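Subject: Structure handover

Hi,

Here is the structure we talked about. Please open it alongside this note. My findings follow below.

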Amino acid sequence: MVLCFGVIVLQYVCPTSDCQLLHLASLSSRLGSREPGDRMNGAGAGDPYSSEDGALVRFVPRFNFTTKDLNRAVDFNIKGDDVIVFLHIQKTGGTTFGRHLVRNIQLERPCECHAGQKKCTCYRPGKRDTWLFSRFSTGWTCGLHADWTELTNCVPSYMSNRESLERRGIPSRNYYYITILRDPVWRYLSEWRHVQRGATWKASKHICDGRLPTLTELPSCYTGDDWSGCTLEEFMACPYNLANNRQTRMLADLSLVGCYNLSIMSENQRWGVLLESAKRNLRNMAFFGLTEYQRKTQYLFEHTFRLSFIAPFTQLNGTRAASVEVEAETQRRIRELNQWDVELYEYARDLFLQRFQYARQQERREARQRRLQERRKLRAKVKPWWGVTGKAVFKPTKEPPMTEQYPAFSEEKQADAGQVESETEGQVEDSWLEEDGNETMLDYLENVEQWR
């Protein structure tokens with residue numbers, strides 16, 4: 001009878017098959033091999049993001065960021081007027097990420113992509129208005145690989161011209177700028193290989209302060225149609241090569257240094273201003289990812305915009321740049337040529353990993369709150385079975401009558417009873433709300449013994 005009663009109680013308390021009380025046999029074996037502080041996710045599954053690389057294990061923050069810098073979750077309203085603007089820097093994996101944006105996001109109204117067409121139609125639900133400004137949705141509308149200076153001046157006017165007449169005069173929409181960065185050395189090598197195969201970016205406008213740069217301000221590194229067949233030494237020797245520190249230049253506000261006019265200030269002063277501008281713009285962006293951290297990039301994008309990808313990102317290390325055997329001395333020279341990009345990337349990597357840690361901590365706090373709510377519901381179910389009803393458990397069988405002869409004793413007895421009641425209820429509440437973060441059944445079983 002006792003056994004049958006216990007089974008009935010167990011099924012009432014934990015009606016689902018994943019109740020942890022049913023896993024007592026495997027609990028001891030897991031506890032024996034578990035390191036202190038390790039989390040138990042399902043069937044011993046590890047953190048899917050720690051397997052990508054060992055960055056978080058070795059990561060020590062170098063920069064101090066505010067909570068505003070780290071908490072980048074935005075209220076993106078795809079059904080309203082908000083627009084995501086993708087700043088595509090050459091050879092950072094932006095083409096792959098851009099395809100994810102138009103083909104791999106779970107949407108109420110997915111982007112319409114047709115075979116043989118590079119651009120997709122990404123309309124909002126119930127509207128003929130795009131929510132994405134990128135190469136694969138609107139094309140190179142503001143110029144081939146437009147930078148921060150060009151996009152911030154071009155996109156608002158372009159979107160305003162697309163608006164219908166009845167929308168004119170409505171307050172401006174929100175523009176959420178995003179980008180992808182890459183390790184400067186490997187990005188530089190990748191661009192060299194791309195140029196070596198005959199690629200050019202002649203269609204880039206480089207508009208700044210409303211005008212195009214002159215040939216004196218922006219001379220070419222080669223004569224002819226392209227620079228195909230150039231060696232790495234030739235690529236590195238050109239002082240006008242825009243591949244040098246490209247990420248810093250494309251993320252900075254060029255109007256702060258007179259655009260492409262190099263005579264306004266010294267080179268070090270100019271690049272110092274551009275670096276600080278690029279860091280500031282990067283901090284204020286809604287999102288940026290790193291090519292070297294695909295899974296974390298996916299996670300932060302989903303966390304920021306509350307959108308989910310259909311298929312997970314994959315980390316591809318077999319790029320053309322990775323296949324190039326470069327001597328240590330050559331890599332050192334590349335780092336010197338891209339010293340401002342190197343500093344920007346270290347800053348971006350630090351901010352990126354801190355944002356990832358902050359987002360995961362938020363996720364864990366929310367999960368703990370959900371578990372606390374589930375415990376309260378479970379406590380409400382268990383109380384009647386164990387005799388805990390929120391009242392005092394120990395009551396005298398018979399209390400002395402209230403007479404004029406014992407008024408003080410009666411008042412003291414009532415006070416003691418009230419204290420017992422509050423202490424008993426508080427102990428039950430504390431035992432259920434106690435959260436030590438070990439995610440095991442030990443605290444749960446101890447509380448069950450206390451209720452008995």
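First, the rule for ring pairs: rings of Phe, Tyr and Trp (its six-membered ring) pair if their centres lie within 6.5 Å. Planes under 30 degrees apart count as stacked, and over 60 as edge-to-face. Note that this is a predicted model. By the rule above, the count is 23 aromatic pairs.

Start with Phe97 and Phe287. Their ring centres are 6.0 Å apart and their planes stand at 20 degrees, so the pair is stacked. The two residues come from distant parts of the chain, 190 residues apart. Phe97 belongs to helix H5 (residues 94-103), Phe287 to strand S4 (residues 287-290). Phe97 has a relative accessible area of 4%, so Phe97 is buried. Phe287 is buried too, at 1%.

Phe97 also pairs with Phe313. This one is edge-to-face, with 6.3 Å centre to centre and 85 degrees between the planes. Phe313 lies in the loop between helix H11 (294-305) and helix H12 (328-337), so the pair ties helix H5 to a part 216 residues away in sequence. Both Phe97 and Phe313 are buried.

Ring pairs link Phe76, Phe86, Phe97, Trp131, Tyr176, Phe287, Phe301, Phe305, Phe309 and Phe313.

Two charges over rings are worth a look. The charged end of Arg246 sits over the ring of Trp201, 5.4 Å from its centre. Arg360 lies over the face of Tyr299, 5.7 Å from the ring centre.

Next, H11. This helix has twelve residues and spans 17 Å from first C-alpha to last, close to the expected 16 Å. Ten of the twelve are buried. Among them are Tyr299, Phe301 and Phe305, but also Lys296 and His303.

Now the packing. In soluble globular proteins, nonpolar side chains tend to be buried together. Here the largest nonpolar core has 76 residues. Trp131, Phe301 and Phe305 have the most contacts inside that core. Helix H13 (residues 339-386) gives the most to this core, with eleven residues. What does Phe305 touch, leaving out residues up to four places away in sequence? The list is Val74, Phe76, Ile84, Tyr176, Ile178, Ala286 and Phe287. Another core, of 17 residues, lies apart from the largest one. Leu144, Val195, Ala243 and Val326 are among its members.

Best wishes

Methods. Residues are numbered from 1 along each chain as its sequence is written. This is a predicted model: local features need pLDDT of at least 70, side-chain atom pairs count only at pLDDT 80 or more; totals for chains, interfaces and linings use all residues. Side-chain values use heavy atoms; hydrogens and water are left out. Helices (H or I, at least four residues) and strands (E, at least two) are DSSP runs, numbered from the N terminus. Buried means under 20% relative accessible area, exposed over 50%, partly exposed in between (1.4 Å probe, protein chains only). A charge sits over a ring if NZ of Lys or CZ of Arg is within 6 Å of the ring centre and within 35 degrees of the ring normal. The expected span of a helix is 1.5 Å times one less than its number of residues. A nonpolar core is a set of buried Ala, Val, Leu, Ile, Met, Phe, Trp, Tyr and Cys residues joined through side-chain atoms within 4.5 Å. Contact means heavy atoms within 4.5 Å.
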